[in-house]
Every structure is written in C-alpha cells, then in structure tokens.
Amino acid sequence: MDRSRDLNSLKIIGTISIFLVLVLALLSISSYAEAADKDNCLMCHKYQFLGRIDENGKRINYHVSESIYNHTVHRNISCRECHTYIKKIPHDPVEEEVNCANLCHIKTPFSQERFSHERIIEIYKQSAHAPGPGDSALLEKSKPNCKFCHLNPMYTRVSEERIDYHESLSRCLNCHQEKGVTQAYIHMTHRLRKKTSRSPQEIVELCAKCHQDVELMKKLNVSKRGQTAVETYKQSIHGKSVILGSEVAADCISCHASNALHDIYKKDDRRSTVEKKNLRKTCSQCHARTNSWFVQVAVHPSTERDENPIVFFANLSLKFALYGTVFSLVGLMLLETFGRKKDGIKFLLRNGTSWRGKPKQKEKKKK
Amino acid sequence: MSIAPDTAAVGEEVKAKDDYFTFVEGVGNIPRDIYKYVKSDPAGDLPRYSVHIVIQHFLVATTFLVLAATGLALHFADVFWAPYVIALFGGADTARFIHRIAAYIMILTSVYHLVTITAGSVQKILKNEFDYKRTQIPTPKDLFDLIHDVKYFLGIEPFRPKMEKFSYKQKLHYLAIIWGTIVLSVAGMALLFPGIVAKIFPEVIFKLHSQPATNGGFPALFQDLARLMHADEAVMALIVLAFWHLANVHIVPGRFPFQWTFLTGRITREHQIEEHFLEYINNLKEIPEERDYMKQVLRENEFETSILRESTEEGSVEESTAEKEGD
C-alpha cells in the first residue's frame, strides 16, 4: 500500500518537474528582435571580422553582435530608423552620423505618437555642454555630443530598484509626453528607478574624462575652481565614499543636474541646480535638514592658500601640532628607553623578572 | 654571589641623602630602590583601577580600533589598501554606518566615565578621603617630575622621581584624551549633522566674521575646520597610541613584555614602587598585608629596621611576629 503510494507520488513529482523544466526552458528563450532587422542588415554585419582599414590606417570593425543588440533598449528599432541615410543594400560608404533626434517608428502606448529623443536634446542644447554661438573652435570641438557620453554598450537595461515613483516618472517625462504616461506608469513597474542608470563611480569617471584634464580646461578658459573640480570632489566626503563604492553618496549628476540629467548649466545661470537660490532644493534631495547656512558648506573643499587662506593656515598649524606632538612624545619614549638601559634588560636578566614571579632579593641575601 | 653592580652603584653618599629613605609609621624606613628586592605577581599585587575603569578602557579601546580602521580607510580613500579595509566592513556605506555606531558607543563610554569619576569623587569627599594628589588633576610637581625623570634618563639623578598614582605622562595623556574626545566628537557631529551644526551658531558670529561670503561665511568655515580637525586629531591619536601609549605600557624596559593592568585593574608591586612611589606609601598605610610584607622584605634584605620595636635577625619571618608588628 505504502509502496504504491510512494510510486504514485514519485510519478506526480516527475510529471511536475518535467513540466517545470519545459516552462523554464520556454521562459528562458529570449524574445528575438525580429523588428530590428527587417532590412536584413545582419546578413553582412553578423560577421565578426567585417571591417576595413581606412585611409589613415585606422582599423574599423562593422560587426554588430546580435546577442548584445537584442538585449539593448534599442532592440525593437530597425537599423534604418537611426541610420536613415542608407537607401540601398549593399550601401555606399557612410558619410553622415546618426541623429538621435530622429522620429522612430515605435509609438508610445498612450499618445500614439512616434517616439523621438528630441525633447531631451532640446534640454541638452540649452545646457553648458551644447555648442553655443560664441564658442571658439577648440571649445566647440571639446564639447560632448550625445554619443560621447552614451556609448553603445551602455544601452543595456538597468536593474530594477524601488524608489519613489515620482522620481523616476520625472525621468520618463524627459522623452515621453505627459498625457497617459503618468497614469500608466503608476500601474507599472519600471526600470528607470535610479536617477542615472550608471553607478556613481561610472558617472564620476565619465565626467572626469574631460574635467580632470587640467590642461584642456585651462585652454578652454575654465575658472580656477572649475579646473580643480574633480580633484576637490575626490577630497570631499561624497567623493571619498563614491571612490570606495558607495551607492548613495552624491556623484556629479546628483547635484549638477535635475532629473532631466542633461540640464547642466554654469553655476551663475539661473536655471542651474547649483545656482545659489536653487542649492537648498538640490541639497535636500539627500539632506533632509537643509537651511540657508547648510548650503554654504563647501562641497568641493579646497585648502589652497589663495582660495581659502584661513583653512590653509589652520591646516598648516594642525600639521605642526601633529608632528610636534608625535615627535616630542616618541622622543621622550626613546630617551626613556635609552636612559633605563641601566636598570632595564640587564636588571631583568640578573634578578629575574616579575613575569616569572621570582623574588629578586636572593643576591643580596647571600651576601 | 656579589651584589649586582647597579645596586652597588647606589653608594653611601646617595643613601645618606635625605630622600633615599621614606619613613612609614609601623613599617620602617623604605629605601627608594626597594623595588629591586620585592616579589611581584605579573597579574598585579596592588589595586589601581576599579572595574568601571577596566570596562571603560575595554570599550574605548575596542571602539577606537573600529573607528580608526573605518575612518582611516574613508579618509585616505585613494590609497591602495583602503578598498580592502572597506570591503572588510561591508562597503563604504556600511563602513560609515559602523563608524557612527562605534562613535556613539565611545561617546556613551565617555559619559559613563564622567559619571563614574564624579560619583567616586563625591563619595570620597563625603567620607573626607578625597586627595587631589591621587587624581588626574595636573600639579606643578608633574613638571618637576618630568625634569627629574629626564635627568635620571641622562644619568644625572640616581633615582626616578617619587610620583603619585598618576605620573606626569599619564596626566598628559589623560588630558590629551579629554581634548581629543571633545574635538573628535564635536567635529564628527559637525560632519554628521551639517545642517543642524550650521544652524546652532548664533547670527552674531556670522556677522562678526569678516571673511566675505565668497568662501561661504562662518558655517562653511566651521565645516572646513571640522573636516581638518577630525582627520588630524584622529591621525594624531592613532600615532600617539600606537607609538607612545603601547610602547610605554608594554615595551619600555621594566614594562616588557606585557602588563595585565588593563584587564585585572591591579598593578605589580615592583612597578608601583618604582613609578608611583608615593602611591605605594599610601598603599602601605591602607593595606595591613602590604605592611607585613614590606617589613618582611626589609628584614630579609638587612635594611635598617631599628625603628621597629623588635628587630629579628633571623632570615625567615614567623607570621605571628609579623602580625604583632603590624599592630
């Protein structure tokens, strides 16, 4: 009786496990991005060594990895929606660059309008990083465009983390229009949970790519504080925490941009998040108790003599105090060690040490 | 076997000096170098610290090590070992959290210490037993002790100074710890609660401060100074503890290889007589067993014991006689 029951339950378990394996196998098949390659570009671009050596001897690889591309945010967008200049296959040598402001054939679910990055590009165009009318040739060349920061491998999906939905919603609205998205969003889980999809370390690294280059910054007539911005940030508690892998400490974007991320202005600009009047709001993102006094605290602390003379001399005198104390105390200790040689080790060896609990009186007694 | 040379070096002219012998009622003349003849238990013979002080030392030492490990790694974030230490504490955010918890425990321990010493002092004052010489309060004598000690180290003086329960070094260190704890706590609080600390300064200071607002005014200056002082004071404390405190307590001749006082709260007899002679005299007055023992040592080593009613010439001492003498 028992044995047949065991057999029955074994059968049931076996059936269920086979079923589960099948379901899991089905689930694990990634959705193949058919829409992305309707022009069959991968017919050639799937080859890993597809490339050429250009006139300057530079090697260029034109390989597109399907497995990587199918996991990027652009996986449902066909090649020619960005590479619009390609009219025929095989195509002519490419002269143009992609334009991120193009209208895609992807329609946003509520507005049913074709999607575009135009809105964020409008924000970028007003920021300090966009080429302006009065820029020198060098400055214009040095300013980052979309692709400078948004490298292709970065278009991967970010991990979900729950934060306040208002925060991430404002990020959606950078590109999407407000109607519909707001209601839809509240009922959905979403991936844009953090202010930036990159880690704070990656953000600092990205900004430091140019801003750490003091020579370049000098050429571009950046202010003295601007030249040392990365260095001073790394001396601040935010910077130190980020270097050591903190996930919550402020990176560059946390303070210098709002949720639109691209609206980085000079600090005198009224729209800038680090402008004096906006500082309180910016700091209160993390520091709940901000006040007009708090925002005056230096986020990029400098101990340079000409910038902050009081702090410079305070630092100098503290150093003197430190080394003075240490050297005088250790000096006294060494003098003591030297001076007690006469009743130090020899004394211990001759008389026995208190460690062994031996009385030290025997020698005199024998006399 | 003849007398050891260092004992022989104490010549007659030194012994003739007024301060070589210290007379104690009921015991006799205690020679300054009697510590070379006494028996010592490594775990300690004489009371020095109460159990509260032992607990406080343990708490402060433990939290200090945690604070130093997390704090140093956070402050010197760009040196090669910092990430490993931080990884040991579970990442930067966790390390900062641990740093705060350890700091709170240390501050609570400081409060515990203040309560203990205040209550103890009040108790002693009520019993009329309070003696400021047996406390950490600095006196001019400490300066003379330092000069005397340096002279001894240079070979000018034959003996170390007769010091109280706390020597000049210990008083200096104690004051430094008070100062350091205050500075580190205040600066640490300024770093932890910049908003509150920026606000508690009265408006007057802000206005008096002549520095133009380009540097951020007084709250910002205070924050800058807090950053400097917190790090500087901590590094100083660490170096002093590592190279001075540990060496003085466990390594210098006479203390090597280890002292158990920080765990047992008791000090060895030899150490007490050598470095805290006046406190040992107090011990003799307070502890009858110690009086008996000292009399025995004096007799065995043929020191002058004429001050006693009966002096026995025998090498060994009967306990009954010792007890009588104690009375």
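**Reading a two-chain model**

Q: Why does B:Asn301 count as partly exposed?
A: Count the neighbours. A residue is buried once 20 or more other C-beta atoms lie within 10 Å of its own, and exposed at 12 or fewer. B:Asn301 has 19 other C-beta atoms within 10 Å, so B:Asn301 is partly exposed. Keep in mind that this is a predicted model.

Q: Where is the place of B:Asn301 in chain B?
A: Look between the helices. B:Asn301 sits in the loop that links helix H14 (288-300) to helix H15 (319-326) of chain B.

Q: How many residues in sequence, and what distance in space, lie between B:Asn301 and B:Pro138?
A: Take the two separations one at a time. Along the sequence, B:Asn301 and B:Pro138 are 163 residues apart. In space they are 36 Å apart, C-alpha to C-alpha.

Q: What about B:Val60: where is its place?
A: B:Val60 belongs to helix H3 (residues 51-75) of chain B. Apply the neighbour count again. B:Val60 has 19 other C-beta atoms within 10 Å, so B:Val60 is partly exposed.

Q: Which residues does B:Val60 touch, leaving out those up to four places away in sequence?
A: Here you look past the local neighbours. B:Val60 touches B:Met106 and B:Thr109. B:Val60 and B:Ser110 are 50 residues apart along the chain, and their C-alpha atoms are separated by 8.2 Å.

Q: How do strands E1 and E2 of chain B run, parallel or antiparallel?
A: Read the bridges. Strand E1 (residues 21-24) and strand E2 (residues 28-31) of chain B run antiparallel, joined by four bridges. Now find the partners. B:Phe23 stands opposite B:Asn29, and B:Thr22 is bridged to B:Ile30.

Q: What do E1(B) and E2(B) form?
A: They form a hairpin, with three residues between the strands. Look in the turn for B:Gly26, whose phi is positive, about 85 degrees.

Q: How many residues does helix H17(A) have, and how far does it reach?
A: Compare the actual span with the expected one. H17(A) has 31 residues and reaches 44 Å from its first C-alpha to its last. That is close to the 45 Å expected at 1.5 Å a residue.

Q: Which residues in H17(A) are buried?
A: A:Val311, A:Asn315, A:Leu329, A:Glu336 and A:Gly339 are.

Q: At what angle does H17(A) pack against H6 of chain B?
A: Use the helix axes. H17 (residues 309-339) of chain A packs at about 45 degrees to H6 (residues 140-153) of chain B, and the axes are 8 Å apart. Angles from 65 to 115 degrees count as roughly perpendicular, and under 35 as roughly parallel. The angle here therefore makes H17(A) oblique to H6(B).

Q: Which residues of H17(A) and H6(B) meet?
A: A:Leu335, A:Glu336, A:Phe338 and A:Gly339 come from H17(A), while B:Val150, B:Tyr152 and B:Phe153 come from H6(B). Sort them by class: five are nonpolar, one is polar and one is charged.

Q: What percentage of each chain counts as buried?
A: In chain A it is 17% of 367 residues. In chain B it is 31% of 327 residues. Now count elements. Chain A has 19 helices and four strands, and chain B has 15 helices and four strands.

Note on methods: Residues numbered from 1 in each chain as written. Chains lettered and ligands numbered in written order. Predicted model: local features only at pLDDT ≥ 70, side-chain atom pairs only at ≥ 80, totals over all residues. Axes fitted to C-alpha atoms, helices over the stretch in contact; angles between N-to-C directions. Helix = DSSP H or I, 4+ residues; strand = E, 2+ residues; numbered from the N terminus. Parallel < 35°, antiparallel > 145°, perpendicular 65-115°, else oblique. Contact = placed C-beta atoms within 7 Å. Nonpolar A, V, L, I, M, F, W, Y, C, P; charged D, E, K, R; others polar. Pairing = 2+ DSSP bridges. Expected span 1.5 Å × (residues − 1).
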